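Have a look at the model, then read on.

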Amino acid sequence: MELTTIDFDSKTPDEIREMTEALRAEANKLKEQQDNNERLIREGRENVRKLIPNVTEFQEIANRRAEQLERRRRYERKILSIYNRFPSILNADQPQIISTDIQILNRQLELIEKREQAAKAQIAELTKKQERLEQVIVDLRRQNRLQTDLMVQRDQDKAQLTHTLKQELEASKTLYVSDGRSIERKTTVAENVTADLNNQLNSLKTQFETLSKQRVSVMQNAPTQNAMISQKIVQKQQDLLKSIDTFINWWSGRRMLRHYTDRQEFLTGVETKTQERNDQSYKSIEFIKRGNSSRVEELKSLQNMNTQLANSIKEKQAKRTELDERKQDLLKSFKPLPKDVDAQLKSLREQKIALNNRAKSLDIELQVLGVNGPNRAEARYEDARRHYRSQIQTAARLKKSIANLKQLASDHNNGPKNQFVTPLTTIQDSRLLLSEDAPYVVQAASLELLEKLVFNPANDDRDFYTGLLVFVHTEKLDMQSFVQALISFHNNSEYVQYREERLKDLVEIWRKWFPNDFQDAQTRSILSPLINLVGITGMYDVQPPLKVNVVFNTNVPFNAKETKIPFCASPLIIAEHFTYQELIILRNIQASEFVGCGWTSTDKWTKAPHIMKMTEHFNFISQWIVFSLISTEGVEERIALLERWIQIMDAAAEIVNFQLVFEIYAALCNPAITHLQSTWQGLASETMDVYRRYANLASPSARFANYRNELEKFPPETIVPYIGPFLTSLVYISDGNPSKKALPNVSEPVINFQKFRSYANVLNDIMVPWGKDMVFYLNEDLLKRIQNIPPVELSESELFQRSQKLKT
């Protein structure tokens, strides 16, 4: 059709409308052909990627061709939009270029300028915030120096006061000892003299009475003796005065003894008050030290915040530079639409023909490469995935070995921490029961003793903290009383150098196992004194959800035309997609869901939602596998499907997904499947050997001993486990052991701590980083098909009845 010179003046409106419609029809036809060519080229590129995933040269060629094709397609759509809106532009005599690209670019430039202004304002705000933080840091440092000077001055005053009091006390003790001895000697002498004086006084009284009676007769009969008697009386009176003087001296000595006794009591009171003041000084010093440590932590957090602000400013500046560069690129790349539209349209047609020829050449190249269908691509993909998985397992084992060696080196360098600590066996308390053999662990004790043993460095049981927290949450103790008891034992603990570290370990394990306690407002208010005492920052931060490493890649071999999921890809690829879905459910299970066997209670979906989701998923997959087998009426098809599920079970074991292994095995052990004798007899002997191997693995004998032994062969970072045996062990421990235990010579039963230790031991085995190092390469369409598997609406009895109708 000629488009260069058309005289529209000589044409009627109907003719112009017909020409316009014809042009639009031709343009739409060209667009459909172009889209068809694009689809063919894209399919060819997809086939190249599927069949030859490791040949990067063809991938680069296909990528460059796709980019060029995308640019041409956008340009052609712009031209067609102009033709559809303005048909008169086809008149060569009146060329008009109408486009909205200039307005779009102007709007983009305005948006870029607005973003630049916002970025500048944000940078200025962050700069001001950084200056304020730097000023706060300077103030904190000045306060720290002032507190340090105050502490030094207080230490000097305390030392001087202590020295003075010690000197005065020593002098008082010396004076008291010497005065006491002299007073004792004088008291003994005074008591002896007093006894003599009393005897003499009594004898004098007796003599005086006798003399008084005889005085008259003596005066009459012996007047000459009167003078002699008078002299004797005078002599006795003088002796009596001497005795009185001696008594006065004794009395003054006794008063002095009382004075020294009072002084001794005064000095004892002074010594007691001095000791109390010293204790208060020590407590104030410890309080100031804790305050200084908290300020140091605050200073560190401010420094970290300052660093983050600096990094954010740098990022904003980098974004600003990037926006400037994009702005310049847009300005440089801005060009008006060309006027020679016809020539460009002709060149686009030629390019379309060239692309068609290129697509045919790519098909020829695929044939020349000699790729023999998708089986070889799947084999190469599976080999690459096996090699990658073995490398991940080796790396996980090396990480674990390195961590163990670092721990051994750290223990060797630090030496035994508790070598001078009194062992637990020296505790003489009838409320405590220890194990008979070393290492000695607590088997039963009262709650008070358990709270006290938190700070005892001789208690090196790794399950003690977890067992104590499990007991508190299982028995639903008063949280506030428990926290206050911990704080009290911490402040009064005799192991001062160990108590901070042990309390910190308890709080960290608490946050690991029961993070909801640190998010609930009521529980946070109860735990805040304990957190402040430990001084750990970030305890109330919400822990980010655990992510699974996944890459969605269209190169993963997948037959979208196959309706049955087990046959739409290789068994290894199918097993890997199931593994990804099950690992997501497993990683969402929290440790608190295992406490108290919540999955067995009436409100199990509230107490253990993710455990119930995992159980429901297990039953759903097993029931769907049963339904898929009994829905296949042909015997040969059913044999092929059964063999395929056994192959997928083998692939799941290769990926180390024991959850899928037990799901498939549970389905194949269903009575609706086991009685299909002809189906089982049609399996090859090699397939039956594989089935028997996993039947032995899933055997429940000896508490799933074969499965537990197989589980220990691989690092947990590369495993998706089947947690059923662990849940069974927790139920046995919870239901088979009492929470209280009676001890001899104890009036009330104490806590059976061995039960909660065993419970914590199983929890430590469950709550490990399962599948953390696993990396999945998935096909998004296949994953959606697995996630959208319809539920089976038949019961177990209905499935069995339906299976009986088949020809067994």
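1. Let's start with a term: a charge sits over a ring if NZ of Lys or CZ of Arg is within 6 Å of the ring centre and within 35 degrees of the ring normal. Arginine 708 does this with phenylalanine 726, its charged end being 5.3 Å from the centre of that ring.

2. Some ground rules. This is a predicted model, where local features need pLDDT of at least 70, side-chain atom pairs count only at pLDDT 80 or more, and totals for chains, interfaces and linings use all residues. Residues are numbered from 1 along each chain as its sequence is written, and side-chain values use heavy atoms, with hydrogens and water left out.

3. Now the ring pairs. Rings of Phe, Tyr and Trp (its six-membered ring) pair if their centres lie within 6.5 Å; planes under 30 degrees apart are stacked, over 60 edge-to-face, and the rest tilted. That gives 17 aromatic pairs. One of them is tilted: tryptophan 680 with tyrosine 691, at 5.0 Å between centres and 55° between planes. Because tryptophan 680 is in helix H18 (residues 677-681) and tyrosine 691 in helix H19 (residues 685-697), the pair ties together parts 11 residues apart in sequence. Helices here are DSSP runs (H or I, at least four residues), numbered from the N terminus.

4. Ring pairs also join Phe618, Phe658, Phe662, Phe704, Tyr707 and Tyr722 into a cluster.

5. What about disulfides, meaning cysteine sulfur pairs within 2.5 Å? The whole structure has 0. Cysteine 568 is buried, at 1% relative accessible area, while cysteine 669 is partly exposed at 31%. Buried means under 20%, exposed over 50%, and partly exposed in between (1.4 Å probe, protein chains only).

Definitions and conventions:
Helix = DSSP H or I, 4+ residues; strand = E, 2+ residues; numbered from the N terminus. Disulfide = S-S within 2.5 Å.
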